[in-house]
Amino acid sequence: MRSSRFILCYPYVAAVLAKDPVAHLVDYGAAKSQDLLGVCESPLCSNEHPVAILEDPIAEDRAQAAALWPHATPCARNGTKEFCVYSDPEFAGRGIGILTSPERAIEIAKSKVFNDPEVSEAIDELNAEESPRWMVAEVPGKGMGLIATQNLEMGDHIMSTSASVMIDYSVFYEVTEAQLLEMQAAAVENLPKRHRTAFLNLSTHDHAENYQTQVSKVILTNAFDIQDTGLVTKKNDDEEENFYTVFPEISRMNHDCRPNADYQFDPETYTQHVHAVRRIAAGEEITISYIDPIQTQKDRLNRLNNSWHFPCSCSACTQNKHFTAASDARIQQILELRKQLRNWDPYSQATPSMAELLVSLYEEERLWSNLYEAYTYAAIEYNGAGDPWMATKYARLAIHHGLAVGGPKDSDVIEMTSLAKDPWEHWSWMLRTKKRMNWGAKVDE
Ligand SMILES: C[S@@+](CC[C@H](N)C(=O)[O-])C[C@H]1O[C@@H](n2cnc3c(N)ncnc32)[C@H](O)[C@@H]1O
């Protein structure tokens, strides 16, 4: 399962796309009121008014969070909800700024990554401001981009970096635009100079009139959507747990509908990792996809144009109409096959041959980032039909490719590791046959 996604719009206007996780999908078995106090104008934003603090339901959290973070201002408040900028200029050797509630700031400050020196030193080492594997250079028609400086193989590590600024989604719903601008700018100001410069050098897509707008446009043009990673505890289903996050070096990568690299966020280290998803030659541009690539050319172009405001010029978007029609037909068939393979009703038409076809369609479409999903479908389908050896072959391929894309904690990688270890003990063993033959029902009778 993907834990982060590149997006352009702020959450309240973004339609966030996620890739297609396989194993856990197998079904077997606005904006609110803006009634705000000014940024830190309220006595409740300061610890200097003990009477007000005693009467304030979140005073205790605010004081505790302020004690745990080197910087804990400015803040903005909406009724009983409050959000502040929590900055640690020493985090991972280059600093971080997080816009969130006092309660979540406490939880984050107490997490292992902020307390275990071994974890923080490890991130410090990973943080890639320079690398022998890539360099930043101008790419015609795209601004700056990342170029491979050596040949890379599928699965090769390209870079890992910790975040500059992380914005709790709730902030977007609860604070005014003016407050958001002020808080974002403060988070960037609190970064150490080198890191701040890397952030401010990023593309704003178009002209920015002042510093606050520049910071805001950098965030809009370069943020990743960190989703469902368990970074913070959700108290109920309505609560957001996503963070809008900038990783400056990684944000230099331009879009391609058939990219040669992919990224994954590790919540235990607050680090985003990038790996090659196919062989990349020295001198080639390193690219990622900003959108779900399993869409027809027209839908991809619309999505990039509407959300990102640039015309897609990648080879899959600019090939002639005959190749485009053939590619779109493959995409349509991929979508249809996935539907069948996900269906565990006795009347599903899914077979191992269908899964084989899915694998070859992903290959023809050069969907290297998604290929492990097709391998996962194939492994489950073969196992469901009682062929443990072909199931193991595809499980191993899924692990190999899935590690580069989703990492070791990806749900499909975990599922395939368990299948490869013992296909006969895996939940999918003979499942398709059992369903078709209604074996479970006979046993129950
Ligand atoms: C995250 S930034 C990528 C790095 C950026 N090119 C730079 O100069 O820092 C995203 C912006 O890069 C440009 N961009 C990315 N991929 C592109 C592509 N395939 N074609 C044209 N422009 C692209 C667009 O301006 C987009 O808003």
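How far apart do the end C-alpha atoms of residues 132-291 lie, and how much of the span is helix and strand? The ends lie 28 Å apart, and the span is 24% helix and 29% strand. Helices (H or I, at least four residues) and strands (E, at least two) are DSSP runs, numbered from the N terminus. The unreviewed UniProt entry annotates residues 132-291 as "domain: SET". UniProt positions are given in the numbering used here, feature names are shortened, and annotations may be inferred rather than shown by experiment.

This is a predicted model: local features need pLDDT of at least 70, side-chain atom pairs count only at pLDDT 80 or more, and totals for chains, interfaces and linings use all residues. Residues are numbered from 1 along each chain as its sequence is written.

The protein chain has 17 helices and 15 strands. Of its 445 residues, 44% are buried. A residue is buried if 20 or more other C-beta atoms lie within 10 Å of its own, exposed if 12 or fewer, and partly exposed in between; C-beta atoms are placed from the backbone.

**Ligand shell**

The ligand is surrounded by 19 residues. Gly143, Met144, Ser203, Asn254 and His255 are the closest. A residue counts as near if its C-beta atom, placed from the backbone, lies within 6 Å of the molecule. Strand E7 (143-148), helix H8 (211-222) and strand E12 (254-255) each give two or more residues to this shell. E7 gives the most, with 3 residues. By class, the shell holds 6 nonpolar, 11 polar and 2 charged residues. Ala, Val, Leu, Ile, Met, Phe, Trp, Tyr, Cys and Pro count as nonpolar, Asp, Glu, Lys and Arg as charged, and the others, Gly among them, as polar.

**Helix packing**

The axes of helix H6 (residues 177-189) and H8 come within 9 Å and cross at roughly 85 degrees. Therefore H6 is roughly perpendicular to H8, a term for angles of 65 to 115 degrees. Axes are lines fitted to C-alpha atoms, for helices over the stretch in contact, and angles run from 0 to 180 degrees between N-to-C directions. From H6, Leu181, Glu182, Gln184, Ala185 and Val188 meet Tyr211, Gln212, Val215, Ser216 and Ile219 of H8. Two residues are in contact if their C-beta atoms, placed from the backbone, lie within 7 Å. This contact has 6 nonpolar, 3 polar and 1 charged residues.

Helix H3 (residues 102-109) has Pro102, Arg104, Ala105, Ile106 and Ile108 buried. Their cover includes helix H2 (59-68), strand E4 (81-88), strand E5 (96-100) and strand E9 (165-168).

**Single residues**

Tyrosine 270 counts as buried because 28 C-beta neighbours lie inside 10 Å. Histidine 309 has 11 C-beta neighbours inside 10 Å, so histidine 309 counts as exposed.

Threonine 318 sits in helix H10 (residues 315-318). Threonine 318 is partly exposed because 13 other C-beta atoms lie within 10 Å. Threonine 318 and glutamate 60 are 258 residues apart in sequence and 58 Å apart in space, C-alpha to C-alpha.

A cis peptide bond joins threonine 73 and proline 74, with omega about -5 degrees. Proline 74 lies in the loop between H2 and strand E3 (75-78).

How values were computed: Angles under 35 degrees count as roughly parallel, over 145 as roughly antiparallel, 65 to 115 as roughly perpendicular and the rest as oblique.
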